[in-house]
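Subject: Structure handover

Hello,

Please find the structure below. My notes on it come after.

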Amino acid sequence: SIPFEFWHRLVNEVCRHPETDAKIDQFQGIYVELLSVTIRRCTVSPNEDPFQADDDCTNYRQRLLNLAEDCLEILTPNSALEHVLKSLQDG
């Protein structure tokens, strides 16, 4: 398992330079997959009440939200939204 901080630092390094469009393109596939993992890990099973989650669960989901935001730095908003919608349709 790769720590959340790694992905955050990678996004910052890739997006830090003005000539990064080519670099960003190279990382899109990885960040699409990372967004998929994030969506799967955020999903609450139907028999669980998300409003009854403990602090550890809430903190973990907040970290996943931050990771999804990092994915949006690499992916365009439209491609990220398409991916999220496809994930919801596929269940």
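The notes go from the overall fold to the core, the aromatic rings and the charged residues.

This is a predicted model, in which local features need pLDDT of at least 70 and side-chain atom pairs count only at pLDDT 80 or more, while totals for chains, interfaces and linings use all residues. Residues are numbered from 1 along each chain as its sequence is written, and side-chain values use heavy atoms, with hydrogens and water left out.

Overall fold

The protein has four helices and zero strands, in the order α-α-α-α from the N terminus. Helices (H or I, at least four residues) and strands (E, at least two) are DSSP runs, numbered from the N terminus. The C-alpha trace spans about 45 × 30 × 20 Å along its principal axes. Of the 91 residues, 25% are buried; buried means under 20% relative accessible area, exposed over 50%, and partly exposed in between (1.4 Å probe, protein chains only). If we take contacts (heavy atoms within 4.5 Å) between residues at least 6 apart in sequence, 67% join residues at least 24 apart.

The core

In soluble globular proteins, nonpolar side chains tend to be buried together. A nonpolar core here is a set of buried Ala, Val, Leu, Ile, Met, Phe, Trp, Tyr and Cys residues joined through side-chain atoms within 4.5 Å. Which residues touch the most other members of the largest nonpolar core? They are Tyr31 and Ile74, in a core of 18 residues. Helices H1 (4-15), H2 and H3 each supply at least two residues of this core, and H2 gives the most, with six. Leaving aside neighbours within four places in sequence, Ile74 is in contact with Val11, Val14, Cys15, Ile24, Phe27, Gln28 and Tyr31.

Two further sites show contacts between parts of the chain. Cys42 lies in helix H2 (residues 21-42) and touches Arg61 and Leu64, not counting residues up to four places away in sequence. The C-alpha atoms of Cys42 and Arg61 are separated by 6.3 Å, although the two residues are 19 apart along the chain. His83 is in helix H4. His83 counts as buried, because its relative accessibility is 16%. With the same exclusion of residues up to four places away, His83 touches Val32, Leu35, Ser36 and Ile39.

Aromatic rings

There are three aromatic pairs in the structure. Rings of Phe, Tyr and Trp (its six-membered ring) pair if their centres lie within 6.5 Å; planes under 30 degrees apart count as stacked, over 60 as edge-to-face and the rest as tilted. Phe6 and Trp7 form an edge-to-face pair, 5.1 Å centre to centre and with 80 degrees between the planes. Phe6 is partly exposed at 41% relative accessible area, whereas Trp7 is buried at 12%. Phe6, Trp7 and Tyr31 form one aromatic cluster.

Charged residues

Side chains of opposite charge can pair when their charged atoms come close. A salt bridge is a side-chain nitrogen of Lys or Arg within 4 Å of a carboxyl oxygen of Asp or Glu, and the count by this rule is four. Three of them are described here:

- Glu5 and Arg9, with the closest N and O atoms 3.2 Å apart. Both lie in helix H1, four residues apart, about one turn of the helix. Glu5 is partly exposed at 41% and Arg9 is exposed at 56%.
- Arg16 and Glu13, with the closest N and O atoms 3.4 Å apart. Arg16 is exposed at 53%, and Glu13 is partly exposed at 42%.
- Lys86 and Asp90, 2.8 Å from N to O. They are separated by about one helical turn because they are four residues apart in helix H4 (residues 77-90). Lys86 is partly exposed at 48%, and Asp90 is exposed at 57%.

The side chain of Asp70 does have a polar contact of 3.1 Å with that of His8. A polar contact is a pair of N or O atoms within 3.5 Å; within protein, one must be able to donate a hydrogen and the other to accept it, and residues adjacent in sequence count only if both atoms are side-chain atoms. Beyond four places in sequence, Asp70 is in contact with Trp7, His8 and Val11.

Regards
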